[in-house]
Amino acid sequence: MLAFLRWLRAVSLGALNGIVKFALAILVVLVVLIVIGLVRGDGLPGNMVLSLDLRAPMRDSVGEDPLAFGATPPNVMDTILAIDRAGRDSRVKGIFVRVGTADMPVAQAEEIGAALKRFRGTGKFVVADATGFFANGLGDYLTAASANEIWMQPGSPFGASGAGAGAIFLRGLFDKINAVPQIVKRSDYKSAADMYMEKDRTPADREQTTAFLQSWVDSATSAAAADRHLDPKAVAAVFAASPQFADDARKAGLIDKIGYDDDARQAALTRAGDGAVAVSMRKYIRSTEEVAKGETGPIALIEASGEIIDGTVRQGGVVADTSVIAGDDLAAAIRQATKDENIKAIVLRVDSPGGSVTASDQILDAIRKAQAAGKPVVVSMGMLAASGGYYISTSANRIVAEPATLTGSIGVLTGKVAIGKSLNLLGVSADDIGVGKNALFDSALTPFTPDQLANLNHQADTIYADFTQKVAAGRKLPLAQVQQIAKGRVWTAADAKSRGLVDQLGNFWTAVDVAKQLGHIPAGEATTFKLYPRPVGFFDAVNGTFASTAAGVRMLQGMAAIREMPVARSLLRAVSEAPHGGVEMRATGLPSDE
């Protein structure tokens, strides 16, 4: 027995010794990386042109997966904040933009285009290049129009022509398979339910869709004409003649030069001067974001992107589903900013089609309490801030949106599609048993009873009445006026402004300027943000410790550069993929997206 205990002690000490050695080894490696970082800085060249690739669809805002190590593609907010940093970075001489295949929404094009023009306002240049404008939409070209010059590949297509929207209707299919759709909507324009209940567009939906498509075309045409110093009617005529070719666009003055992408890139580098190097925007973001995250300015920046859901997606860990807006999480972020004595104003970036009523109300309550505590809230709308996305915005001190932003949709829909009889057609039997009159209220097998349908309509009426009343109170409009412009109708911000749903047309930086004014922050003061919710993880803990000192800032820049080194990235990935306890099934050692 004594021998066994000695053996057990030896094994335990050996295991403990191994763990300690491993921990010390990791610590030593990190210290070495930090020291190298202090010497190296952020690793970026002294004369550079940033290469910004806008040829794939982008989300408005989303947090980065801490285990992705930079593989998460930059989003709109990442990009416009980085462009702002680049405008203040003397090493950055210009930006080379690739466009043409993303079919970018007009509102996103307005936002990014405004950021590029703001960058040009610092005395720097932007060169845009397209192997072709392949989409019929106007967003890709509108983005390019914000550049000093636009290049196109010889013989490539210029497809920019207008705006369109399609829809699919399932009612005919449901009738054939005996499915019973019972969707209640408030009111006529709430078209999300139409795909289930109708066989074609309703007159109301056709009216609103035509209106916002026309608004998009008008906004994009006038903005592109202003950027290119052309007559809007002439630009509209060129769009109407598409699809056509690069030579046609050049003759009409919509582009400047014909050449291949390497020719355009070299022109940008030549313009930047001797020794200029092209650096991807993704690398620039990763190399400078640590310092940006460490900023603790007087404006809280809170990003809300995706469908609104109840509950939380954080679960106390560092990895969260960033594709949705969770009521608990966003409300907590607003409450944190409210309690921070250093915060003078809150900018809430909203890009959402809506979702849960209760989560939306939870978020709105947090905003109201922030305002009651003396923190003005300014909403900056992205591509879409409608239904629940508008609900959480309605109380803001000021709402700022791009002309093409889709907003409003003040309405409600609820219901289900009962498929019990459809299953019977396939030879499938299904049966529900419920104890309680409405225990099977949400059953997907059986339709609502008349009493249940009456209950459903009562719910819709109650929620819709509450929604319109909150809009009237938040926007300081007569309830009768809100009821007239609500009805579930989607408006572009250009049309919503004249109806009182939006206060000001403009971009993210317009919203920031308004927040400064309301928060009594000097207009000439450099704009810095404090991000909420604060990310949790090793590098963010380092930020909180070191970012307030000059040496700490240089160290953070160095660490960001070190993370770009293959050896460091491999080490960090290996550490992240180590088992964390319990049974796991994860594939390790896979190549990163680089």
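## Opening question and overview

Is Asn178 buried, partly exposed or exposed? With a relative accessible area of 36%, Asn178 is partly exposed, since that value falls between the 20% limit for buried residues and the 50% limit for exposed ones. The structure discussed here is a predicted model.

The secondary structure of the protein chain comes to 22 helices and 20 strands. Of the 594 residues in the chain, 48% are buried. Among contacts with a separation of 6 or more, 75% are between residues 24 or more positions apart.

## The six-stranded parallel sheet

Six strands make up an open sheet with parallel pairing, in the order β8-β4-β3-β2-β1-β9. The edges are taken by β8 (257-258) and β9 (277-280); each has a single partner strand, so one side of each is left without a neighbour in the sheet.

Strand β13 (residues 345-352) is largely enclosed by the rest of the structure, because eight of its eight residues are buried. Ala345, Val347, Arg349 and Asp351 point one way from β13, while Ile346, Leu348, Val350 and Ser352 point the other way.

Two parallel pairings involve β13. Strand β10 (residues 299-305) is joined to β13 by seven bridges, and Ile302 stands opposite Leu348. Strand β14 (residues 377-386) pairs with β13 over six bridges; here the bridge partner of Val350 is Met381.

Helix α7 (residues 203-228) has 26 residues and reaches 37 Å from its first C-alpha to its last, close to the 38 Å expected at 1.5 Å a residue. Just after α7, His229 takes a positive phi of about 60°.

Thr221 is found in α7 and is buried, with a relative accessible area of 8%. Its side chain reaches the backbone oxygen of Val217 at 2.7 Å. Leaving aside neighbours within four places in sequence, Thr221 is in contact with Leu138, Pro232, Val235, Ala236 and Phe239. One of these, Phe239, also belongs to an aromatic cluster with Phe133, Tyr141 and Phe158.

## Aromatic pairs and charges over rings

The structure holds 11 aromatic pairs. In one of them, the rings of Tyr141 and Phe158 have their centres 5.5 Å apart and their planes at 75°, so the pair is edge-to-face. Tyr141 lies in helix α4 (residues 139-144) and Phe158 in strand β5 (residues 157-158), so the pair ties together parts that are 17 residues apart in sequence. Both Tyr141 and Phe158 are buried. Another aromatic pair, Phe174 and Tyr196, is stacked, at 6.5 Å centre to centre with 5° between the planes. Phe174 lies in helix α5 (residues 171-176) and Tyr196 in helix α6 (residues 194-197), so this pair ties together parts that are 22 residues apart in sequence. Phe174 is buried, at a relative accessible area of 10%, whereas Tyr196 counts as partly exposed at 30%.

Charged side chains also lie over rings. Arg118 lies over the face of Trp509, at 4.1 Å from the ring centre, and Lys416 lies over the face of Phe448, at 4.4 Å from the ring centre.

## Backbone exceptions

Most residues other than glycine have a negative phi, and most peptide bonds are trans. Asn178 has a positive phi of about 65° although it is not a glycine, and its place is in the loop between α5 and β6. Ser387 likewise is not a glycine and has a positive phi, of about 55°. Ser387 lies in the loop between β14 and α14 (388-391) and counts as buried at 14% relative accessibility.

Cis peptide bonds are found at two places described here. One joins Arg186 and Ser187, with omega about 10°; Ser187 lies in the loop between β6 (180-186) and α6. Another runs from Ser242 to Pro243, with omega near 5°, and Pro243 is placed in the loop between α8 (232-241) and β7 (244-245).

How values were computed:
Residues are numbered from 1 along each chain as its sequence is written. This is a predicted model: local features need pLDDT of at least 70, side-chain atom pairs count only at pLDDT 80 or more; totals for chains, interfaces and linings use all residues. Side-chain values use heavy atoms; hydrogens and water are left out. Helices (H or I, at least four residues) and strands (E, at least two) are DSSP runs, numbered from the N terminus. The expected span of a helix is 1.5 Å times one less than its number of residues. Two strands pair if DSSP finds at least two bridges between them. Rings of Phe, Tyr and Trp (its six-membered ring) pair if their centres lie within 6.5 Å; planes under 30 degrees apart count as stacked, over 60 as edge-to-face and the rest as tilted. Buried means under 20% relative accessible area, exposed over 50%, partly exposed in between (1.4 Å probe, protein chains only). A charge sits over a ring if NZ of Lys or CZ of Arg is within 6 Å of the ring centre and within 35 degrees of the ring normal. A polar contact is a pair of N or O atoms within 3.5 Å; within protein, one must be able to donate a hydrogen and the other to accept it, and residues adjacent in sequence count only if both atoms are side-chain atoms. Contact means heavy atoms within 4.5 Å.
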